[in-house]
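User: Hi! Could you walk me through the pockets in this protein?
Analyst: Happy to, here is the model.

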Amino acid sequence: MTVPFLYFEPQHAPLRDAMTAAFARVYDSCWYVLGEEVKLFEQEYAAFNQVAHTVGVANGLDALVLALRVLEIGPGDEVIVPSNTYIATWLAVTQVGATPVPVEPDPATSNLDPARIAAALTPRTRAIVPVHLYGQACRMPEIMALAAHHNLFVVEDNAQAQGAAFAGGLTGSFGHVNGTSFYPGKNLGALGDAGALTTHDADLAHKVRVLRNYGSQQKYYNEIVGYNSRLDELQAALLRVKLPHLPEWTRQRQQVAAQYNQCLAGIAGLRLPAMAEGATHVYHLYVVHTPHRAALQQYLTAQGIGSMIHYPVPPHLQEAYQALGFAPGSFPIAEELANTCLSLPMWPGMTEAHVAAVATAIRAFGA
């Protein structure tokens, strides 16, 4: 059986008529930027995420950049970031002129380890950016308590974890102002680039709204040096169609993960995802670890089973950050995770037969 790494059809086919109607609604409105669809999606996503305010922007990276900007973080400041994450987390920090300070993860969960943060703090530290990697919630109560003790801001990178929770609180609702992405492959994906910020703070939300729109509240009158980073009216309309289905898609992802856990249990040399006590996981990705990653991936490909590596090179070893002077071995946990991780097929609509086919192939390989 062929099992693609990602397959949209089971999600998209039932929504075709509603998506087409949303397109027609926007087309016929003759209003395509910062209109009623964006306003309504912002309200609906805020309700979903249990926050007071959502501000739609062009993409997830812009969301993080604007979050740091409205917190007035810039040159001379340091920001705590995970040593293992997608590079966008680091890019946001450097794009505002601040310095990313990497902290190692909990090896079991791959998420930022709160116990390691204190040792990385300096008088220049201004913020912490935890990433809910692969869809699992970070240990946010500990991170928020540490941040409060040291008078630091928290900006959650919630691009992979819409709907995940820790101790009952939703990711994207803990931090002072938080970023998320609606890139097509995300759990809630647009049909192009899109992103948003979430916050409980009305003043910060207002500042983001001004900053995203050329630094302007009134057309042609610009108060500050701003950006052009606005959630597209069409993407907002399409996201409005998808948002009510997200809880069911999450349930399906969790069901597929449970089947994986059962089918892959006990395979020597294969480490399955672990979850911190108090956390929930929405399985944007189902990531296993094996020292035989390259050979296993090649074998799966030959069997018609898709897989991907998230992520093969940690940010501190990327050429883009060579000026920071980190050598191989600087962050060994991140490097070990990068060298051994493999993401298996995960999408709403996967059947037990799909999971069984993947598990059968892995067992036949003998990970």
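User: Let's begin with the second largest pocket: how do the residues of its lining divide into nonpolar, polar and charged?
Analyst: That lining has 2 nonpolar, 5 polar and 2 charged residues. Here Ala, Val, Leu, Ile, Met, Phe, Trp, Tyr, Cys and Pro count as nonpolar, Asp, Glu, Lys and Arg as charged, and the others, Gly among them, as polar. Please keep in mind that this is a predicted model, where local features need pLDDT of at least 70 and side-chain atom pairs count only at pLDDT 80 or more, while totals for chains, interfaces and linings use all residues. Residues are numbered from 1 along each chain as its sequence is written, and side-chain values use heavy atoms, with hydrogens and water left out.

User: Which strand gives the most to that lining?
Analyst: Strand 10 (residues 216-218) does, with 3 residues. Strands (E, at least two residues) and helices (H or I, at least four) are DSSP runs, numbered from the N terminus.

User: And what volume does the largest pocket have?
Analyst: About 680 Å³, taken as the space filled by probe spheres set on grid points that are joined across faces, edges and corners. A pocket is an open set of points on a 1 Å grid over the protein atoms alone, where a 1.4 Å probe fits, with protein on both sides within 12 Å along at least five of seven lines; lining residues have an atom within 4 Å of a point.

User: Which residues lie nearest its centre?
Analyst: Tyr86, Gln160, Tyr183, Lys186 and Tyr311, out of 33 lining residues.

User: Where does the largest pocket lie relative to the domains?
Analyst: Domain 1 (8-104 + 112-243) and domain 2 (245-366) both give residues to the lining, so the pocket lies between them. The domain bounds come from an automatic or database domain assignment.

User: Back to Lys186: what does UniProt list it for?
Analyst: An unreviewed UniProt entry lists Lys186 for "modified residue: N6-(pyridoxal phosphate)lysine". UniProt positions are in the numbering used here, feature names are shortened, and annotations may be inferred rather than shown by experiment.

User: Is Lys186 buried or exposed?
Analyst: Lys186 counts as buried, because its relative accessibility is 17%. Buried means under 20% relative accessible area, exposed over 50%, and partly exposed in between (1.4 Å probe, protein chains only).

User: Which residues does Lys186 touch?
Analyst: Leaving out residues up to four places away in sequence, Lys186 touches Ala159, Gln160, Ser181, Arg253 and His284. Contact means heavy atoms within 4.5 Å.
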